[in-house]
Amino acid sequence: MIKPDAVADGNTGPIIQQIEKAGFKILAMTKLKMTPEQAGQFYAVHNERPFYQSLCDYMSQSEIIPMILEKENAVEDFRALIGATNPAQAAEGTIRRLFAKSIEANAIHGSDSNENAAIEGAFFFPGV
Ligand code: CMP
């Protein structure tokens, strides 16, 4: 999912180019604005964390671009491509290092397991 900061800054094109160059096939893609309730549901796993409310506000502030991606070893390879959550700790050349503004406005989200990829994919693309 390309996050609101990256979409608003016009970084969608270079981010998608980097994803495709890394060998990911885009199976589904759309652009939408989540409600705060939808953002809260998507990130429900973090609802006890101190940053939860701010995260829900940020994720519903403007449009996002969710995608379903396909590749061998996709979860691990995508997390390597995007880099650490905190852009200050993200490796050189990673999407977050290049485009993130802060630990919250960090440009992009990637699922952390195959199981969560299926859940998160179905959240935006039911039936795909
Ligand atoms: P993401 O990988 O999508 O997962 C949870 C999100 O919460 C994270 O990226 C950030 O956008 C946001 N977040 C804000 N503050 C923190 C923090 N201190 N630690 C981890 N995630 C944070």
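This is a predicted model: local features need pLDDT of at least 70, side-chain atom pairs count only at pLDDT 80 or more; totals for chains, interfaces and linings use all residues.
The C-alpha trace spans about 35 × 35 × 25 Å along the principal axes of the protein. When contacts between residues at least 6 apart in sequence are considered, 72% of them join residues that are at least 24 apart.

With regard to burial, 42% of the 128 residues count as buried. The accessible surface of the protein amounts to about 7,000 Å², and carbon and sulfur atoms account for 50% of this area. Charged side chains number 11 on the positive side and 16 on the negative side, and the centres of these two sets are separated by 5 Å.

The structure holds four salt bridges, among them the pair formed by Asp9 and Lys101, in which the closest N and O atoms are 2.3 Å apart. This pair links distant parts of the chain, since Asp9 is found in the loop between helix H1 (4–8) and helix H2 (12–21), whereas Lys101 is found in the loop between helix H6 (95–99) and helix H7 (114–124), and the two residues are 92 residues apart. The two partners also fall into separate classes of accessibility: Asp9 is partly exposed, with a relative accessible area of 40%, while Lys101 is exposed, because its relative accessible area of 53% lies over the cut-off of 50%.

Another of the four salt bridges joins Asp77 to Lys71, and here the closest N and O atoms are 2.5 Å apart. Asp77 has a relative accessibility of 27% and so counts as partly exposed, and Lys71, for which the relative accessibility is 27%, likewise counts as partly exposed. A salt bridge is also formed between Arg97 and Glu92, with a distance of 3.1 Å between the closest N and O atoms. In this pair, Arg97 is partly exposed at a relative accessible area of 38%, whereas Glu92 counts as exposed at a relative accessibility of 64%.

The backbone was also examined for positive phi values. Most residues other than glycine have a negative phi. Against this background, Asn73 stands out, as this residue is not a glycine and yet has a positive phi of about 55 degrees. Asn73 is placed in the loop between strand E2 (67–70) and helix H5 (74–82), and at 43% relative accessibility the residue counts as partly exposed.

Ala107 likewise has a positive phi, with a value near 75 degrees, although this residue is other than glycine. Ala107 belongs to the loop between H6 and H7, and the loop between these two helices is also the one that holds Lys101, the partner of Asp9. In contrast to the partly exposed Asn73, Ala107 is buried, because its relative accessible area of 0% falls under the cut-off of 20%. Positive phi values are thus found in a partly exposed residue, Asn73, and in a buried residue, Ala107.

Terms used: Residues are numbered from 1 along each chain as its sequence is written. Side-chain values use heavy atoms; hydrogens and water are left out. Buried means under 20% relative accessible area, exposed over 50%, partly exposed in between (1.4 Å probe, protein chains only). Contact means heavy atoms within 4.5 Å. Accessible areas come from the Shrake-Rupley method with a 1.4 Å probe; for residues, only the protein chains shown count as cover. Lys and Arg count as positive and Asp and Glu as negative; His and the chain ends are not counted. The place of a charge is taken as NZ of Lys, CZ of Arg, CG of Asp or CD of Glu. A salt bridge is a side-chain nitrogen of Lys or Arg within 4 Å of a carboxyl oxygen of Asp or Glu. Helices (H or I, at least four residues) and strands (E, at least two) are DSSP runs, numbered from the N terminus.
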